Amino acid sequence: MRAMSGAMSLPSSSAHLSEVEEARSARVQRARQHGGKRGGREEEEENEEGERGQHPAVTKARAAAQLATYPSQSVFPHLLSDLRREVEAELRDMQEEMEKVEEEESKRAVAANAEKGGMPSARDYLLSMQKMGVEKTTVALPHLVRMSSQLDIDLLSLFSKELEGVLGVRGMGDVLSTSAALLRLVQTHCKEIRSMHESSSSSPPPPICSTSALSSFLSGKVAAGMEDDPLLMHALSTLASTHTCSASGWRVDLDEGWTYLELTCSHWLEMEERMGRAAREETSMDKLKALVSELDQSSLTNDDLRARLVSRMLALTNVAVGDVCVMCEERGIAVRFFPCRHSCACVECVMRELSSEEEKESLTSMGFVSLKGSDTKLACFECGRQAMSITSL
């Protein structure tokens, strides 16, 4: 009966939070109008409101935090308990999963210490705590987002003490700090990619600006040259596919950043496939120039692809002036033979004559192949003299 009467007097507990917040704001405004001195807490709230905006879900969150902080001043004394009842199952599941993570990490740490025959080092202890904090956050955030959706309250906009007071739980400090680190990581990479469109400096591009690095990041793996925390990257790839929620500013921002990265990666892959095809097939000079310009103006970094397009352009130029391979009579001259020093062959024709993958790799990557003692018996295409070495032009 008490639950029923509570439901009758408070048909929608989250809806009343707007009234509570309006009443709180009115009290603060009256104090200002009468020259009353604001307390530190009221001044903090004013600053927070300016920073977090006026989204209804944030307003309700602030009201809920006010109730949790000053329960004796509430005109709706049962509001917090009603809120918790609405998300009782999610709260219970979240706490159980967080406790399970803590228990499993403790067992792992005990087993690791037993193997080493002593107490853990300070480094091992800190790494264990960090791992446990990220894993607890990974299981807690989906529940917090779903609760935000159910209540239409932006729970993740609160400070840790406020969130603990609203939900009646503990251990939210690590969850909120890790959630901020996760979002910051995504937004940092978005900013790095966007800055490539605007940057005119000659500084090296950020490591994220390649399809391999971005694809690895989106799959939760650390690519070569990246310095991201692998624990955070794995957590992000897991959380990206969980429940979305328009009431959670954190989730909205994460979805926006993650979608941007996914679309960027898809666009880069399409560019590479299209430009790679152009570098392999018969393509006009104008189109090759346009593709090189498109690549240079994009945020994608692919030096190998650019070199292939430029090489194709040079080959077309050589054909136009008559400097073509004497073997195929199509592609431009790109290889010189020694000791005769004749430049008369294209890379493709010479590559077919090389007997080992090491020699082929040496020609493409280093531009030089020594044939002394090699199984390859290569003669100059022009004079027929045995080649001791070859170089690319």
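Is Glu-357 buried or exposed? I began my notebook with that residue. Glu-357 is exposed, because its relative accessible area is 57%. I am working on a predicted model.

**Entry: helix H16**

I stayed with Glu-357 and looked for its partner. Its side chain meets that of Lys-360 in a salt bridge, 3.8 Å from N to O. Both residues lie in helix H16, which covers residues 357-365. They are 3 residues apart, about one turn of the helix. Lys-360 has a relative accessible area of 24%, so I noted this residue as partly exposed.

**Entry: the whole chain**

I then stepped back for the totals. The protein chain has 16 helices and 4 strands. It has 393 residues, and 41% of them count as buried. The chain exposes about 21,600 Å². Carbon and sulfur atoms supply 52% of that area. I also looked up the salt bridges, and the structure holds 19.

**Entry: Glu-105 and Lys-131**

Next I took a salt bridge between two helices. The side chains of Glu-105 and Lys-131 meet at 3.4 Å, N to O. Glu-105 lies in helix H6 (residues 88-116) and Lys-131 lies in helix H7, so this pair ties together parts that are 26 residues apart in sequence. I checked the cover on each partner. Glu-105 is buried, because its relative accessible area is 3% and the cut-off is under 20%. Lys-131 is at 25%, so this residue counts as partly exposed.

Salt bridges that share partners join Glu-105, Arg-108, Lys-131 and Glu-135 into one network.

**Entry: Glu-270 and Arg-274**

I looked up another pair, this time in helix H12. Glu-270 and Arg-274 form a side-chain salt bridge of 2.8 Å, N to O. They are 4 residues apart in H12 (residues 249-280), so about one helical turn separates them. Glu-270 counts as partly exposed at 37% relative accessibility. Arg-274 is partly exposed too, with a relative accessible area of 22%.

**Entry: helix H7**

What makes up the nonpolar surface patch of about 310 Å²? I found Tyr-125, Leu-126 and Met-129 there. I placed Met-129 in helix H7, residues 122-151. Met-129 has 33% relative accessibility, so this residue counts as partly exposed.

I moved along H7 to Thr-138, which is also placed in this helix. Thr-138 is buried, with a relative accessible area of 17%. I left aside its neighbours within four places in sequence. Thr-138 is then in contact with Ala-235, Thr-238 and Leu-239.

**Entry: helix H8**

Which residues of helix H8 are buried? In this helix, residues 160-167, I listed Glu-162, Leu-163, Glu-164, Val-166 and Leu-167. I then looked just past the end.

**Entry: the loop at Asp-228**

I wanted a loop residue as well. Asp-228 is found between helix H10 (211-218) and helix H11 (230-239). At 14% relative accessibility, Asp-228 counts as buried. I looked up what it touches, not counting residues up to four places away in sequence. Asp-228 touches Leu-185, His-189, Phe-217, Val-222 and Met-233. The C-alpha atoms of Asp-228 and Phe-217 are separated by 8.8 Å, and the residues are 11 apart along the chain.

**Entry: helix H13**

I listed the buried residues of H13 as Leu-288, Leu-291, Val-292 and Leu-295. Why do the buried residues line one face of the helix? Seen down the axis of H13, they fall within an arc of 100°, so they line one face. Asp-286 and Gln-297 are exposed on the other side of H13.

Notes. Residues are numbered from 1 along each chain as its sequence is written. This is a predicted model: local features need pLDDT of at least 70, side-chain atom pairs count only at pLDDT 80 or more; totals for chains, interfaces and linings use all residues. Side-chain values use heavy atoms; hydrogens and water are left out. Patches are made of residues with over 30% relative accessible area and no salt bridge: like charges are joined within 9 Å, nonpolar side chains (Val, Leu, Ile, Met, Phe, Trp, Tyr) within 5 Å. Accessible areas come from the Shrake-Rupley method with a 1.4 Å probe; for residues, only the protein chains shown count as cover. A salt bridge is a side-chain nitrogen of Lys or Arg within 4 Å of a carboxyl oxygen of Asp or Glu. Buried means under 20% relative accessible area, exposed over 50%, partly exposed in between (1.4 Å probe, protein chains only). Contact means heavy atoms within 4.5 Å. The arc is that of the directions from the helix axis to the C-beta atoms.
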